[in-house]
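Subject: Structure handover

Hello,

I am passing this structure on to you. Please open it and keep it in view while you read.

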Amino acid sequence: MKIVIDTNIVLSALFSNKGASNKLLVWLFENKKKYNVVSNTLVTEFEDVLTREKNLKQFNNLQKEDVLAFIDDICLISYHQSIHFLWRPFLTDSNDDMVLEVAVNANAGAIITFNPKDFKGVKESFGIDIFTPKEYLTNIGVI
């Protein structure tokens with residue numbers, strides 16, 4: 001099943017190596033099969049959020065170049081989705097709409113986020129499950 005990971009998951013994974021978001025990313029990197037989907041706009045959001053000065057200060061000894069290399073690595077293990085159909089506005093936050101657009105265009109089965117309430121109505125309208133990292137890892141039998 002293809003998945004789309006919200007920016008807050010990647011940010012959290014870089015803040016701590018102990019949580020479910022980090023475990024999810026490690027699982028994605030260790031897997032032989034691609035599951036994650038990105039788009040140009042989602043990667044641009046990763047770059048914008050993850051390289052903000054306040055976030056760089058909280059990462060454990062990571063410099064901007066390290067974070068950009070990490071994002072490149074995420075791209076290497078992900079499907080790259082062109083956006084052919086726009087669904088905006090569907091959600092209240094345009095950044096969440098961007099994540100939804102990737103998921104819909106890729107025919108993804110799930111969006112992984114720490115803010116499931118921000119994706120209200122997505123399951124009913126698009127058939128896309130919304131999970132936290134822990135819920136997703138539990139669902140696929142990793143934890």
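This is a predicted model: local features need pLDDT of at least 70, side-chain atom pairs count only at pLDDT 80 or more; totals for chains, interfaces and linings use all residues.

Start with the strands. Three of them form an open sheet in the order S1-S4-S5, and the pairing is parallel. Strand S1 (3-5) and strand S5 (129-131) are the edge strands. Each has a single partner strand, so one side of each has no neighbour in the sheet. From one strand to the next, the twist averages 20 degrees. S1 pairs with strand S4 (residues 110-112) in the parallel sense, over three bridges. Look for Val4 there: Ile111 in S4 stands opposite Val4.

The helix pair

Next, turn to helix H1 (residues 7-15) and helix H2 (residues 20-30). Their axes come within 7 Å and cross at roughly 100 degrees. An angle from 65 to 115 degrees counts as roughly perpendicular, and H1 and H2 are therefore roughly perpendicular to each other. On the H1 side, the contact involves Ile9, Val10, Ser12 and Ala13. On the H2 side, Ser21, Asn22, Leu24 and Leu25 meet them. The residues of this contact divide into five nonpolar, three polar and no charged.

The largest pocket

The largest pocket has a volume of about 160 Å³. Which elements give two or more residues to its lining? They are H1, helix H3 (40-50) and helix H6 (94-106). H1 gives the most, with three residues. Among the lining residues are Asp6, Thr7, Asn8 and Leu11. Glu45, Val49 and Arg52 also line the pocket. So do Asp93, Asn95, Asp96, Asn115 and Asp118. By type, the lining divides into two nonpolar, four polar and six charged residues.

Best wishes

Technical notes: Residues are numbered from 1 along each chain as its sequence is written. Side-chain values use heavy atoms; hydrogens and water are left out. Axes are lines fitted to C-alpha atoms, for helices over the stretch in contact, and angles run from 0 to 180 degrees between N-to-C directions. Helices (H or I, at least four residues) and strands (E, at least two) are DSSP runs, numbered from the N terminus. Angles under 35 degrees count as roughly parallel, over 145 as roughly antiparallel, 65 to 115 as roughly perpendicular and the rest as oblique. Contact means heavy atoms within 4.5 Å. Ala, Val, Leu, Ile, Met, Phe, Trp, Tyr, Cys and Pro count as nonpolar, Asp, Glu, Lys and Arg as charged, and the others, Gly among them, as polar. On a 1 Å grid over the protein atoms alone, a cavity is a set of points where a 1.4 Å probe fits but cannot get out, and a pocket is an open set with protein on both sides within 12 Å along at least five of seven lines; lining residues have an atom within 4 Å of a point. Grid points are joined across faces, edges and corners, and a volume is the space filled by probe spheres set on the points. Two strands pair if DSSP finds at least two bridges between them.
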